[in-house]
Amino acid sequence: QNFAQGVCFGILLALVCTVLYGPILAGQMLGKESSFGFVCLILLGTVLLPVFADYTFYQISRWKIGLFSAARNSVLLMFQMGWRSIAVCVIWLGYYILVALYPFVLVPLSLFCGMMPVLNMTTQALFAPKIDLLMENSS
């Protein structure tokens, strides 16, 4: 059941990324410039999406709750976790900036050395104890 929920969430995440990044890639391929507000919304989504994904995947793997309950909890947790959410944003944003600056080094390193799981475990070390505490208190 957890595997099926993880796959469903992965597909949902891929669709969100397609909707988020598709217009900007299409605009670049057609040679059109994007407005400042549009680029700001894309950047906001780029920063918030990994936090949402980390929280959702953690809940799906840790407890037996439905996908939509985990997604709803993740949206609420992004605001309730405070500095932990900001720290997760900073870690993922730093990774994205480094990939943008050094793609020929970090993309193969990410693929062959598993940088994404390492970053995911690092961010989980920041927020997992607090989420566990909140979920135990809510039961």
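Predicted model: local features only at pLDDT ≥ 70, side-chain atom pairs only at ≥ 80, totals over all residues.
**The largest pocket**

Four helices each contribute at least two lining residues: α1 (2-30), α2 (36-62), α4 (83-101) and α6 (115-138). Of the elements that form the lining, α2 gives the most, with six residues. By residue class, the lining consists of ten nonpolar residues, two polar residues and one charged residue.

**The salt bridge**

The structure holds one salt bridge. The partners are R62 and D132, whose closest N and O atoms are 3.3 Å apart. Because R62 belongs to helix α2 and D132 to helix α6, the pair ties together parts that are 70 residues apart in sequence. Helices α2 and α6 are also among those that each supply at least two residues to the lining of the largest pocket. The two partners fall into separate accessibility classes: R62 is partly exposed, at 42% relative accessible area, whereas D132 is buried, at 15%.

Zero disulfides are present in the structure. C89 has a relative accessible area of 14%, and therefore counts as buried, since this value is under 20%. C113, by contrast, has a relative accessibility of 53% and counts as exposed, because this value is over 50%.

**Serine 85**

S85 is situated in helix α4, a helix that also supplies at least two residues to the lining of the largest pocket. S85 is buried, with a relative accessible area of 5%. When its neighbours within four places in sequence are left aside, S85 is in contact with V51, Y55, L77 and M78.

**Accessibility of the residues discussed**

The table gathers the accessibility values of the individual residues treated above.

| Residue | Relative accessible area | Class |
|---|---|---|
| S85 | 5% | buried |
| C89 | 14% | buried |
| D132 | 15% | buried |
| R62 | 42% | partly exposed |
| C113 | 53% | exposed |

In summary, helix α2 gives the most residues to the lining of the largest pocket, and R62 in helix α2 is paired with D132 in helix α6.

Key:
Residues numbered from 1 in each chain as written. Heavy atoms only, no water. Nonpolar A, V, L, I, M, F, W, Y, C, P; charged D, E, K, R; others polar. Disulfide = S-S within 2.5 Å. Buried < 20%, exposed > 50% of the residue type's maximum accessible area, 1.4 Å probe, protein only. Salt bridge = Lys/Arg side-chain N within 4 Å of Asp/Glu carboxyl O. Contact = heavy atoms within 4.5 Å.
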